Amino acid sequence: MNIVKPAQGAKARSTAPGPDFASTSVPRHLARGAIGFGLIIGSIALVPVVGPAALLAAPLALIAFRGCPTCWMVGLAQTVSRGRLERRCEDGVCTLTKAHPAGVDSP
């Protein structure tokens with residue numbers, strides 16, 4: 001197996017590969033969660049009133065969650081940590097550290 005290292009002087013990739021469930025802001029992400037959970041709770045609560053047709057609202061929650069409630073929770077963690085944590089990989093070892101503000105060099 002070949003290990004490809006970044007060219008000398010090249011900046012290491014700071015984002016983890018894989019799916020990104022984060023929103024552009026925490027309030028927007030919380031709003032998506034409120035819509036998703038509201039649809040699930042509403043669809044179950046309205047079954048006695050509307051009948052089984054109320055359950056048709058539950059799949060719409062998957063759109064708001066971008067998958068499932070667990071995906072929404074992962075996205076919440078990603079949204080909160082975006083810009084605050086940085087992944088650095090050097091010599092095959094990756095670490096998670098606090099991100100430095102733009103324009104400030106580390107000592």
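This is a predicted model: local features need pLDDT of at least 70, side-chain atom pairs count only at pLDDT 80 or more; totals for chains, interfaces and linings use all residues.
**Entry 1: ground rules and layout**

I take helices (H or I, at least four residues) and strands (E, at least two) as DSSP runs, numbered from the N terminus. Residues are numbered from 1 along each chain as its sequence is written, and side-chain values use heavy atoms, with hydrogens and water left out.

I looked up the secondary structure and found four helices and two strands, which follow the pattern α-α-α-α-β-β along the sequence.

**Entry 2: the chain as a whole**

For burial I use relative accessible area, with buried under 20%, exposed over 50% and partly exposed in between (1.4 Å probe, protein chains only). Of the 107 residues of the chain, 17% count as buried. The accessible surface (Shrake-Rupley method, 1.4 Å probe, with only the protein chains shown counting as cover for residues) comes to about 8,100 Å², and 66% of that belongs to carbon and sulfur atoms. I count a contact when heavy atoms lie within 4.5 Å; among contacts between residues at least 6 apart in sequence, 56% join residues at least 24 apart.

**Entry 3: helix 3 and the residue after it**

I asked which residues of helix 3 are buried. In this helix, residues 58-65, they are Ala61, Ala64 and Phe65. They lie on the same side of helix 3, because they cover an arc of only 90° around the axis, taken from the directions from the helix axis to the C-beta atoms. Among what covers these buried residues I noted helix 1 and helix 4 (69-81).

Arginine 66 follows helix 3 and sits in the loop between helix 3 and helix 4. Its phi is near 60°, a positive value in a residue other than glycine. With a relative accessible area of 40%, arginine 66 is partly exposed.

**Entry 4: the cysteines**

I then asked how many disulfides there are. Taking a disulfide as a pair of cysteine sulfur atoms within 2.5 Å, I count one. It joins cysteine 89 to cysteine 94, with S to S at 2.1 Å. The torsion about the S-S bond is about 110°, so this disulfide is right-handed. Cysteine 89 is partly exposed at 26% relative accessibility, and cysteine 94 is partly exposed at 40%.

Cysteine 68, by contrast, is in no disulfide, and the nearest cysteine sulfur, that of cysteine 71, is 3.1 Å away. I note that this 3.1 Å between the sulfurs of cysteine 71 and cysteine 68 is too far for a bond. Cysteine 68 is partly exposed at 26% relative accessible area, whereas cysteine 71 counts as buried at 16%.

**Entry 5: between the strands**

Aspartate 91 lies in the loop between strand 1 (85-90) and strand 2 (93-98). Its phi is positive, about 55°, although it is not a glycine. Aspartate 91 is exposed, with a relative accessible area of 69%.

**Entry 6: a nonpolar patch**

Last, I looked at the surface, where Val26, Leu30 and Val80 form a nonpolar patch with about 200 Å² of accessible area together. Patches are made of residues with over 30% relative accessible area and no salt bridge, with like charges joined within 9 Å and nonpolar side chains (Val, Leu, Ile, Met, Phe, Trp, Tyr) within 5 Å; a salt bridge is a side-chain nitrogen of Lys or Arg within 4 Å of a carboxyl oxygen of Asp or Glu. Valine 26 belongs to helix 1 (residues 26-45) and counts as partly exposed at 32% relative accessibility.
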